[in-house]
Amino acid sequence: MSAAASIAAMAAIEKSPGYWSGVLTRLRRDPVAMVALAVVLALILMAIFAPWVAPNDPYRSSMIRRLRPIGTPGFPLGTDELGRDMLSRLIYGARLSLLMGVMPVIIAFFVGSAIGITAGFVGGRVNTVLMRTIDVFFAFPSVLLAIALSGALGAGIFNGLLSLTVVFIPPIARIAESVTTGVRKIEYVEAARASGASGFTIVRVHVLGNVIGPIFVYATSLISVSLILASGLSFLGLGVKPPEPEWGLMLNTLRNAIYVQPWVAALPGVMIFITSVSFNLLSDGLRSAMDLKA
């Protein structure tokens with residue numbers, strides 16, 4: 001009884017609020033992660049409050065003022081090929097770009113975690129069927145799979161979200177299955193099973209709290225990949241449709257203007273770069289903060 005009690009106490013300590021407060025403390029001590037978090041929060045707030053932040057109508061065009069350079073009075077970042085304000089379109093573009101980058105990962109996180117945890121905990125034939133099905137998707141590179149699915153479904157925001165979600169479910173499910181298989185063999189899980197606890201109770205109480213952290217950290221690292229893939233789909237005409245402002249689509253429409261106004265044409269790419277790097281650095285900071293050994 002004493003051994004079982006000590007194992008249960010250790011499990012409780014791992015899931016205690018003190019652990020998560022320690023994670024937040026270590027994260028606050030990481031200046032790079034804090035800067036990345038500040039950039040991500042600024043982008044999110046910019047997207048939410050775009051109607052109040054944007055100085056001009058992002059859809060209003062004028063052939064008279066097309067391709068104005070950066071620093072033009074009234075248009076700090078110039079204008080695009082149709083004379084629309086670049087600053088306003090970049091601000092509004094954060095909405096669709098973040099939506100296309102974050103939402104597929106969130107959905108894939110829940111779906112892939114459910115598949116992976118079920119396969120890892122149940123094991124046997126269930127694991128074999130689920131993971132061999134997941135392995136089929138690994139036969140295709142993520143970029144080609146996203147392009148193929150978007151091409152088959154057609155262009156559009158919903159179809160782009162669906163294609164990217166399908167792309168990210170397999171890697172998250174694989175990570176979830178791997179960490180769940182390791183946790184399933186720990187003594188306190190075996191003790192809970194021997195005590196007569198149901199499988200759902202064991203997963204909810206003992207397994208979920210120990211595997212959700214690594215899965216979450218891995219999922220955050222996929223957001224930057226999702227942003228780049230979503231922008232690539234829009235650049236190829238398989239994602240967001242004109243005239244909606246989206247950074248990948250803006251790169252596509254401005255590609256012919258690169259010889260006239262190269263700095264203006266590069267602005268959407270700069271936004272994609274800053275956003276993807278910020279999410280990557282934030283993910284690295286979370287991984288370090290959640291590493292007990294560190």
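Ground rules. This is a predicted model: local features need pLDDT of at least 70, side-chain atom pairs count only at pLDDT 80 or more, and totals for chains, interfaces and linings use all residues. Residues are numbered from 1 along each chain as its sequence is written, and side-chain values use heavy atoms, with hydrogens and water left out.

Start with the core. The largest nonpolar core has 60 residues. By nonpolar core I mean a set of buried Ala, Val, Leu, Ile, Met, Phe, Trp, Tyr and Cys residues joined through side-chain atoms within 4.5 Å. Buried is under 20% relative accessible area, exposed is over 50%, and partly exposed is in between, with a 1.4 Å probe and protein chains only. Several helices supply at least two residues each, among them α3 (31–48), α8 (157–184) and α12 (262–289). Helices here are DSSP runs of H or I, at least four residues, numbered from the N terminus. The largest share, 13 residues, comes from α5. A second, separate core has seven residues, including Ala 33 and Met 290.

Which residues have the most contacts inside the largest core? Phe 168 and Trp 247. Contact means heavy atoms within 4.5 Å. Leaving out residues up to four places away in sequence, Trp 247 touches Leu 43, Leu 90, Pro 268 and Thr 275, among others.

Now Leu 98. This residue sits in α5, residues 86–122. Buried or exposed? Leu 98 is buried, at a relative accessible area of 10%.

On to the rings. The whole structure gives three aromatic pairs. Rings of Phe, Tyr and Trp (its six-membered ring) pair if their centres lie within 6.5 Å; planes under 30 degrees apart are stacked, over 60 edge-to-face, the rest tilted. Phe 109 and Phe 110 have ring centres 5.3 Å apart and planes at 75°, so that pair is edge-to-face. Phe 109 is buried at 12%, whereas Phe 110 is exposed at 58%. Ring pairs link both of them and Phe 216 into a cluster.

Last, the backbone. The peptide bond from Pro 242 to Pro 243 is cis, with omega near 5°. Pro 243 is in the loop between α10 and α11. Leu 67 has a positive phi, near 55°, and is not a glycine. Leu 67 lies in the loop between α4 and α5, and is buried at 13% relative accessibility.
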